[in-house]
Amino acid sequence: MNVAAIVAGLVATAVADRRWLLVAQREHYLPGSATRFALRWWRIGPNRLLAAAAVVGVVLSPLTPAVAIVAAAAIAVGPFGFPLRPRSPGPLDWTTRLRSVALLVAGAQAAVVAAAIVLGAGPPVAAAVALVVPPAVDLALAALKPLEDQRARGFVQQARARLDAVRPTVVAITGSYGKTTTKAYAAHLMAPAKRVVPSPRSFNNRAGLSRAVNEQVTPGTEVFIAEMGTYGRGEIAELVTWLHPQVAAITAIGPVHLERFGTEDEIVKAKSEIFTGVTTAVLNVDDDRLAGVAGALSGPDVVRCSSRDPHADVSVIEEGGRLIIRRAGEVVGEAPVPDAPLENIAVAAALAFAVGVPAVAVTSALATLTHVANRQSVERLSTGALAIDDTFNSNPAGSRAALAALCRRASGAAKRVVVTPGMVELGPVQAEENRAWATLAARAATDLIVVGLTNRRALLAGAADVPAGERAHVVVVDRHEQAVAWARAHTAEADVVLYENQLPDHYP
């Protein structure tokens with residue numbers, strides 16, 4: 001029985017290691033992430049009972065190895081709902097960094113269990129080791145961080161040398177949201193006049209940006225656009241020290257990653273690090289917080305851009321069914337109105353002007369502007385229904401804009417289907433924001449598909465705030481794939497489906 005209990009504990013440990021290493025990788029190896037997600041999962045529904053069985057089993061396991069086996073079984077099978085074979089955004093990727101973390105965790109676990117066996121305490125310790133896998137993973141992440149920083153410095157030095165050799169104008173973009181879209185628009189508007197290289201996808205941290213420079217910046221590159229993300233103060237400041245941007249922009253400020261920052265004022269301070277040492281600072285002054293930043297900046301040339309104020313330094317405004325582009329209040333061009341966020345276009349146009357692209361080239365490129373993938377991009381389903389893919393969006397302003405796009409594209413008696421797991425990382429306002437948005441969605445849509453458990457309570461409460469006769473038909477599913485199947489089974493050619501956000505499957 002003792003041998004069986006030890007084996008059960010080791011098996012449960014191996015299963016839990018794989019589960020929480022996946023979370024650590026998905027959360028960019030941030031110490032604390034495995035424990036944070038473990039607590040989310042174990043607190044949900046029947047997982048609470050399973051967690052209680054695991055904890056009680058570990059506590060009582062010194063009395064009998066049978067209880068240790070029960071605890072190990074609870075840890076191995078739970079938490080319910082966590083995918084054994086994750087698909088979104090992909091399976092566990094055994095990179096060098098992940099292997100290092102896994103080896104440190106497994107080595108420490110093996111040493112502890114071996115010592116316990118020698119001391120005659122194998123069963124309870126084996127079960128306890130399985131129980132504390134999430135904090136063990138987090139401790140390994142913290143312990144290895146200095147080594148990873150040292151390893152990353154080599155890639156950063158290589159990237160700095162590449163930039164010194166090629167000497168492109170470096171344009172940096174950050175913001176709570178809209179930075180990837182603005183980066184794509186800026187690259188599109190610069191392309192007629194400049195050889196431009198934008199950082200790919202969401203390569204917006206030190207590892208991603210150094211890789212982008214080393215692999216894609218080649219002789220002849222005139223502009224490198226670096227999207228910069230951050231989870232706290234100091235991260236963008238570190239990127240600026242080696243990327244040395246000459247032009248930088250902030251797209252918007254909102255309650256994104258608020259659970260990490262604490263307050264929106266802290267977000268403003270962290271994002272504003274991007275202006276250190278630049279010659280030109282571009283700000284979307286439609287955002288009141290950024291208007292304040294523009295007024296407080298000293299040193300760089302400040303370019304205020306707007307999708308509403310024609311007197312801004314750069315404005316892109318819809319007037320009479322045309323898009324009017326102005327610089328310093330003077331009209332410099334007009335184009336067809338794209339189905340795209342005008343505030344992002346305004347920032348992108350300001351960045352293009354800042355690197356020397358003529359107004360005529362910017363105006364011409366606006367006529368061929370297209371949606372960025374997964375950000376209100378449009379495609380046809382096999383049923384013929386129109387799908388608005390906004391799955392990479394998780395902020396209140398963007399979600400409201402996506403609802404407006406749904407209503408614009410739907411007509412008459414056509415179904416308007418919203419598929420959403422809600423918004424995450426909004427800190428203390430997450431439930432409030434999701435409830436408010438669900439109320440809007442339940443009024444605008446004919447069908448509201450609530451995905452997963454993370455925001456289910458808030459989304460259902462928001463839908464319930466709409467009177468029954470005016471409320472969308474509400475469907476609850478556990479996974480995004482089920483929502484996709486529902487949409488395919490219940491929509492026809494004239495219908496419109498909005499996929500608003502899609503959480504990775506390590507979220508409940």
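Which residues is Ile173 in contact with, leaving aside its neighbours within four places in sequence? I opened the notebook with that, keeping in mind that this is a predicted model.

**Entry 1: Ile173**

I found Ile173 in strand β1. I looked up its cover: Ile173 is buried, with a relative accessible area of 0%. Its contacts, sequence neighbours within four places left aside, are Lys179, Thr182, Lys183, Ile225, Ala226, Glu227, Met228, Ala249, Thr251, Ile274 and Leu351. I also checked Ile173 against Val282. The two are 109 residues apart in sequence, and their C-alpha atoms are 9.2 Å apart in space.

**Entry 2: helix α10**

I asked what covers them.

**Entry 3: salt bridges**

I noted the general point before going through the pairs: side chains of opposite charge can pair when their charged atoms come close. The count for this model is 19 salt bridges.

Glu148 forms a salt bridge with Arg151, and the closest N and O atoms are 3.8 Å apart. Both residues are in helix α7, three residues apart, which puts about one helical turn between them. Glu148 counts as buried at 11% relative accessibility, while Arg151 is partly exposed at 42%. I then found that Glu148 and Arg151 are linked with Arg97 in a network of salt bridges.

The side chains of Arg206 and Asp149 meet in a salt bridge, 2.7 Å from N to O. Arg206 lies in helix α9 and Asp149 in helix α7, so this pair ties together parts that are 57 residues apart in sequence. Arg206 is partly exposed, with a relative accessible area of 25%. Asp149 is buried, with a relative accessible area of 18%.

Glu266 and Arg233 meet through their side chains in a salt bridge, 3.5 Å from N to O. Glu266 is in helix α12 and Arg233 is in the loop between β3 and α10, so the pair ties together parts that are 33 residues apart in sequence. Glu266 counts as partly exposed, at 23% relative accessibility.

**Entry 4: Gln25**

Is Gln25 buried or exposed? At 16% relative accessibility, I have to count Gln25 as buried, because the cut-off for buried is under 20%. Gln25 lies in helix α1, residues 2–26. Its side chain and that of Tyr29 are joined by a polar contact of 3.0 Å. Leaving aside neighbours within four places in sequence, I listed Leu92, Asp93, Thr95 and Leu98 as the contacts of Gln25.

**Entry 5: a nonpolar patch**

Val55, Val56, Val59, Leu60, Leu63, Leu131 and Val132 make a nonpolar surface patch of about 610 Å². Which helix gives the largest share of the nonpolar patch? Helix α3 (residues 47–60) does, with four residues. I took Val59 as one example from helix α3. Val59 has 58% relative accessibility and therefore counts as exposed, the cut-off being over 50%.

**Entry 6: cysteines**

How many disulfides does the count come to? The count comes to zero disulfides. Cys305 is buried, with a relative accessible area of 0%. Cys407 counts as partly exposed, at 38% relative accessibility.

**Entry 7: helix α18**

I finished with helix α18, residues 456–464. The buried residues in α18 are Arg456, Ala458, Leu459, Gly462 and Ala463. What covers them includes helix α17 (430–444). The cover also includes β12 (416–420), β13 (447–451) and β14 (473–477).

Methods
Residues are numbered from 1 along each chain as its sequence is written. This is a predicted model: local features need pLDDT of at least 70, side-chain atom pairs count only at pLDDT 80 or more; totals for chains, interfaces and linings use all residues. Side-chain values use heavy atoms; hydrogens and water are left out. Patches are made of residues with over 30% relative accessible area and no salt bridge: like charges are joined within 9 Å, nonpolar side chains (Val, Leu, Ile, Met, Phe, Trp, Tyr) within 5 Å. Accessible areas come from the Shrake-Rupley method with a 1.4 Å probe; for residues, only the protein chains shown count as cover. A salt bridge is a side-chain nitrogen of Lys or Arg within 4 Å of a carboxyl oxygen of Asp or Glu. Helices (H or I, at least four residues) and strands (E, at least two) are DSSP runs, numbered from the N terminus. Buried means under 20% relative accessible area, exposed over 50%, partly exposed in between (1.4 Å probe, protein chains only). A disulfide is a pair of cysteine sulfur atoms within 2.5 Å. A polar contact is a pair of N or O atoms within 3.5 Å; within protein, one must be able to donate a hydrogen and the other to accept it, and residues adjacent in sequence count only if both atoms are side-chain atoms. Contact means heavy atoms within 4.5 Å.
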